[in-house]
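Here are some quick notes to read alongside the model. Have it open while you go through the points.

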Amino acid sequence: MRGWVASRFVLIATVALLLPICAHAEPKKKVYNNSPDQVFNAALRTARERHVVTYVDEKTMMFTFETGRSLTSKGFVANASVEPEADNKATLIINVQTKDGFSWGAGDRMAEKFYQQVGDELAGDPKQKSAVKAPEKAIAVPDAKAVPVEPSMTAAPAVTPVSAVVAPAKGTVTVSSVPDGADVYVDDNFVGNAPATLKLPPGKHTVKVQQDGFKAWTKDVSVLADSEANLKATLAKN
């Protein structure tokens with residue numbers, strides 16, 4: 001009888017210890033030496049490339065994303081937010097909750113990996129980006145005016161029409177500014193006023209936002225085919 005009571009006590013104590021761990025996961029925090037806008041955009045790109053983003057609020061710098069299934073759970077729901085710090089620093093806060101089942105620490109590991117991926121995104125690590133979504137190869141457009149070295153004497157050389165060549169799909173970059181209505185330039189070419197939705201070919205581009213009375217804001221972006229990115233330029237007064 002005593003052995004049965006002792007076993008039942010151990011079982012109840014074990015369940016009591018596990019439940020708070022699963023139900024009340026502590027938020028994780030990571031400080032980056034970057035501006036809040038840079039950290040928010042990098043974290044949002046990381047979530048969109050690797051998980052499923054379900055909610056975005058750019059004004060408050062918050063978003064929610066869901067992960068896939070694991071061996072011990074049906075995935076995680078993560079709330080992410082960015083808080084500004086002094087000296088051009090920002091803190092990325094992630095609150096991970098298990099959808100169903102036990103995570104056994106997998107949520108913490110997912111958060112740490114997400115922090116590392118955001119750091120790679122901020123550093124512009126090309127290996128990390130190519131491992132997620134490889135950019136499509138550019139298709140060379142033939143020169144319609146090219147003349148073959150030794151043309152045939154019986155038939156004209158075949159030249160592929162330029163219109164028949166399929167151009168690589170463009171990426172979408174949405175640019176907003178504070179204050180609103182600032183001039184937007186891409187690779188030193190004026191393209192309009194913020195907010196602006198840009199369709200850019202794959203590759204590296206420089207986006208500049210400026211307005212009278214404010215310091216110019218610039219950002220180098222690597223555009224992938226069929227990708228989506230959001231840039232928010234907060235201009236500082238001169």
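**Notes on the strands**

1. Strand 6 (residues 171-178) runs parallel to strand 12, pairing with it over seven bridges; pairing here needs at least two DSSP bridges between two strands. Ser177 has Ala233 of strand 12 as its bridge partner. Strand 12 (residues 228-234) is mostly covered, with five of its seven residues buried, buried being under 20% relative accessible area, exposed over 50% and partly exposed in between (1.4 Å probe, protein chains only).

2. A word on the basis: this is a predicted model, where local features need pLDDT of at least 70 and side-chain atom pairs count only at pLDDT 80 or more, while totals for chains, interfaces and linings use all residues. Residues are numbered from 1 along each chain as its sequence is written, and side-chain values use heavy atoms, leaving out hydrogens and water. Helices (H or I, at least four residues) and strands (E, at least two) are DSSP runs numbered from the N terminus.

3. Next, an open sheet of five strands, antiparallel in its pairing and ordered 1-5-4-3-2. Strand 1 (28-32) and strand 2 (52-57) are the edges, each pairing on one side only. Strand 2 joins strand 3 (residues 62-66) through five antiparallel bridges, and Val53 stands opposite Phe65 in strand 3.

4. Helix 2 (residues 36-50) packs on this sheet and touches strand 1, strand 2, strand 3, strand 4 (76-85) and strand 5 (89-98); contact means heavy atoms within 4.5 Å.

5. Gly192 sits in strand 8 (residues 189-193) and is buried, at 15% relative accessible area. Leaving aside residues up to four places away in sequence, Gly192 touches Ala182, Asp183 and Val184.

Note on methods. Axes are lines fitted to C-alpha atoms, for helices over the stretch in contact, and angles run from 0 to 180 degrees between N-to-C directions.
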